[in-house]
Amino acid sequence: MKLRTLTLGLLSASALAFAAHAESITIATVNNGDMVRMQKLTDDFTKANPDIQLNWVTLEENVLRERVTTDIATKGGQYDVMTIGTYEVPIWAKQSWLLPLDKLGDDYDVKDIIPAIAGGLSVDGKLYAAPFYGESSFVMYRKDLMEKAGLKMPDAPTWDFIKQAADKMTDRANGVNGVCLRGKAGWGENMAFLTAMSNSFGARWFDENWKPQFDQPEWKNTLQFYVDLMKADGPEGASSNGFNENLALFQQGKCGMWIDATVAASFVSDPKASKVADKVGYALAPDTGLGKRGNWLWAWSLAVPAGTKKADAAEKFVSWATSKHYAELVASKEGWANVPPGTRSSLYANPEYQKAAPFAKMTLDSINAADPTHPTVKPVPYVGVQFVAIPEFQGLGTTVGQLFSAALAGQSSVDDALKQAQDAATAAMTEGGYIK
Amino acid sequence: MARAVTTQHKTIATAAAWIVALLIFFPILYTIITSFKSEQEAIQGFALIPSGTTESYAEVQAQSGYFKFFLNSVILSVGSTVLALLIAVPAAWSMAFSPTKRTKDILMWMLSTKMMPAVAVLFPIYLIFRDGGLLDSRIGLTVMLMLINLPIVVWMLYTYFREIPGEILEAARMDGASLWNEIIYVLTPMAVPGIASTMLLNIILAWNEAFWTIRLTTTDAAPLTAFISSFSSPQGLFWAKLSAASTLAIAPILIMGWFSQKQLVRGLTFGAVK
Amino acid sequence: MATQQTRSLARFMMAPSVILLFIWMIVPLAFTLWFSFQQYNPLNPIRDGFVGFSNYALFYSNPAFLQSILNTLAIVVSVLVITVIGGILLALLLDQPIWGQGFVRILVISPFFVMPPVAALVWKNMIMHPQYGVFADIARFFGANPIDWFGQHPLTAVILIVAWQWLPFATLILLTSLQSLDTEQKEAAEMDGAGFLSRFWYLTLPHMSRAITVVILIQTIFLLSIYAEILVTTNGGPGYASTNLPFLVYQKALLEFKIGQASAGGVIAVILANIVAFFVMRAVGKNLDK
Amino acid sequence: MGNITLKNVSKSFGSTTIIPNIDLNIEDGEFVVFVGPSGCGKSTLLRLIAGLEDVSGGIITIDGRDVTQEAPAKRKLAMVFQSYALYPHMTVAKNIAFPLKMAGEDQATIDKKVKDAARVLNLTNYLERRPGQLSGGQRQRVAIGRAIVRQPSAFLFDEPLSNLDAALRGTMRLEISELHHQLKTTMIYVTHDQVEAMTMADKIVVLNAGNIEQVGSPMELYRTPKNLFVAGFIGSPKMNLIEGAPADKYGAKTIGIRPEHINISTTAGDWKATVGVAEHLGSDTFLHVQTDGIGTINVRADGEVAVKHGDTVYLTPDKSKLHRFGADGKALAQ
């Protein structure tokens, strides 16, 4: 009996393989809501391109990054389309690991892509990845709690105001934490937030000679402020909270404020998932008056690896998934609020979108407020707002993230964490040949 | 039991055993319960009675078709186990019935090959798989899982075979059986309980192998470990969906384990234990 | 004892296993050794070449190195202690006459079937989560503050999860061993006036010693390479609080793509594993010969 | 046909020599018993003939064919093991049929032969049972059945009765003897029990420490043991072996006299003695008597003899049945 089932299974599996006489491309993507939605809408693409079949590999962010990086670095050739971020694109493009996207089609309208995003995805003026959705970060807050605290959120708050508001909103007896921030270690988790935050405190990762700057007072101010704020007004177990955990907390009404990705806005304002959908307000990420705000810039983008044998089909797909047509498709099926945000200026000019997405303007302003080429108050030798676009950053960022996460958890002091971060960064830069 | 047991004693023992067993089982039970909750319910706090909605399952199925992953899990775990048995039975036969001074050392060496951390050899293996065109192929992964579990299979079979009196094999030899016939008609049927439990244990181990199966597959050969990896931290509230995906990932092996529990337990004694 | 013919046949039949495992061991090991002396970072392919022992030096000077070794040992030893002692107690309990023994056994064995990432996900999100976890619910019910397991006691949390996964294995092996203890022996000891504790100590425990060594041997092999549970739950943190050697190698290999250093770490891990194996196998080998 | 010869056969494991150098000829149709104390190498010798062990040197021939290098299966021998070695997962019928199946016989032939064997061995009603459901004697018969269906050129028995109780052993002994008469096939039988050897054998091979001490018919061995070892081993109760003054009288280092060859008298005789334990069996009485200057002597007396513990008796050996042994342990001429 078992054998028969198995044989049947094998047969049907091989039948599947035979059915794939058409060209099939493999797309690696992250398991975020927007990408999952894209998967559901692929009929639209396959109908228009019956000779192309799509294979999806959906993985969580860390595993995905690990898989595609291994694959592209060893030229494994497993994927025809990869979902990567603004961090990878410039590095990989420089290695000639990506194909420039120059056949996106006549009606694609490359100029429509928001300049800050396009800039982050281009090297030497050539676009190497098409943005699927883009994001910055901003403050999401509970209007009702803010009112109860007797405060009014300005459009562009300072960190001091955030602290003051958080103190007043915190009501742990009722499960309300003044502020929820990322604490989970990882260069894309707490370090994305902390690096962006440090920019507004005037800190930087490296000086012009690639010397790490964690021994400078700006970093001390940043980290101390963060740890104190979270200790006083943050949720339980904050050192394991990443984007997802904080989103859940905020949706449950357990956060007064949450500073995180602008894409979160569509989740917190979705009445199906959020208890506080009608009470959310938005503001730009805070600053300290030094000229930089603590917001980042990120775009999940689709790129075609140089090793693919199906470049044309792959690029066709990339073009479809990041087109205006796709935005309209999502709008018609799921409503304008669910259109992947942050990539095209035209979307923000669309009155229907503005109506459906009250956070539209603030999102666009936040994106425009980030400048990957001049991210910090003082000059730096690198690009990237919440990251440093060098290959070593993934490892270093995560190591530093671990240290800062330990400081947040109270396992080590702020000074120790910074000292160890300085050592780790110096070691990494020396090893990488940046410091001679 | 030679003596009558007092009902009181039995009642107390029963109660204690059930409480402990339920505590141990609780995380699994709660996962199954949660999978039948809506996301809102799932996050509401402790509740043992779900509303019974299957929306999470529908969503999981819609996002990543379950069957293909399931099928790959079955093929990989069963395939690698059968392959391992084919190679291990002769080896275990040799060790058990024609042992030398070095047999023990060879066994221990075999087991020690399992101590190499997989991550340390990922790159070499990845490069070999790439050059051999084995990435995302069921065959490559089957061989891989076979190699990973081979030491355990050899060892378990060895301990079972050692329990079988050598005279019976000699009798078969006297009866004119070739080596092949000896293994097929005499040794294997006599070792059925041991082979069955070896098989079960290794199917479980292969089913649950989550390093190589994720890293060496993309779509065609991806088993349930890859399936669960696409649900492990998505955006938003995800407890119910995660529970549904988890339940789907472990259910087949759990059910198989329950049904074959007796065989498995009998086999887990490794012969040597008695 | 056998004829020359069967002996040579035996060599021949062992060959596939031995050769396959030898290749499976030596090829990756050779690669790893070679890489460990190379500067190889696929993300930065320009800087390649022989670098002597500097990968080892770098791996060694990593502030997480020493702690990762201690954590590795802590995980192995703690889980072994929990599962062996817990397994003995559970086995003693399940050996009693009880109603529904079969079903109880099914419940107890179940965690063993759960794949490590799922086990870790379930424990992380639904049991130990400081906001939504069942532990937190219980703590709040008693008016206590929920424990932030992964922030405050990361290594303990990992150990608990891993122990939960392996307890069924230990329990079942020990239970079977317990059930094979001769009833007459027990009764004789009872007649001799031995109480429960002394019967356990002088009769049951020695009888189970072989089963215990089997549990230790098998579990050590798997516990030395624990990694998925850490990746899913704590990511090795906070700090390096729950980083073990395989996880540190993982970080080097798949996060930083410093293949040279990761290989050096792998070689160190192999050496460590062999040291542990040496002691375990010595003990086990002796016990298995009995 | 089943003529088996061993020429210069030796066997050693590593540096331990089990069997030094043995020459032996076994005629077709003979019932040969290898007897000797445990560890004397008799089982090893049997396994060498079977082909389950390699010889270290020498040649084994069966019907003139050199089989020294042949696999067991090719030697056309059948073996019955001490533990019976039945296949526990097969029914009795399948067990018996196994060698035929291995020989590639067709099913009809197999069925017929199995039935015949079962009838001969009284197993017809048990054909569908598993070995585990049978008594010791039945298992033994199945093992024999498995051996006879192949019509081998010789049967090898490795202590086949040692796991049975005394009564059953007696019955099985008869059955095997009966079988030998029916089949007239060569049988080689290993045992440590000299009673089995005496009752069953055409020819007994007495082994000691790997050496053949003596080969001969039971009565030959009984009457004319070649040396002290055979003298002491064959016969029950054991022969009395006496050294010292009484032996000197006969010009020997040691003299041997069987218990049944001693006259007992309450009045006069060669040796004065005191009765120790007297075992009254009805048909016979076994007396253990303390003899002055000689030690304990076993005497087999009439069943009705009226002596009791502590009585003084006089013993006289039957001179014609007296065995004399030299300093080297070898028998001296009568």
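How many residues of domain 1 of chain B are in contact with domain 2 of chain B? Before you select anything, note that this is a predicted model, where local features need pLDDT of at least 70, side-chain atom pairs count only at pLDDT 80 or more, and totals for chains, interfaces and linings use all residues. Residues are numbered from 1 along each chain as its sequence is written, chains are lettered from A and ligands numbered from 1 in the order in which they are written, and side-chain values use heavy atoms, with hydrogens and water left out.

**Stop one: inside chain B.** Colour domain 1 (6-55) and domain 2 (65-238 + 245-268) of chain B; such bounds come from an automatic or database domain assignment. Seven residues of domain 1 of chain B are in contact with seven residues of domain 2 of chain B, contact being heavy atoms within 4.5 Å. The C-alpha centres of these two domains of chain B lie 32 Å apart.

**Stop two: chains B and C.** Now show chain C too. Among the five pairs of chains that touch, chains B and C have the most contacts. Select the interface and you will pick up 103 residues from chain B and 95 residues from chain C. Chain C and chain B bury about 8900 Å² between them, with 80% from carbon and sulfur atoms; buried area is the accessible area (1.4 Å probe) that two parts lose on being put together, summed over both.

**Last stop: chains A and D.** Chain A and chain D do not touch, and their nearest C-alpha atoms are 23 Å apart.
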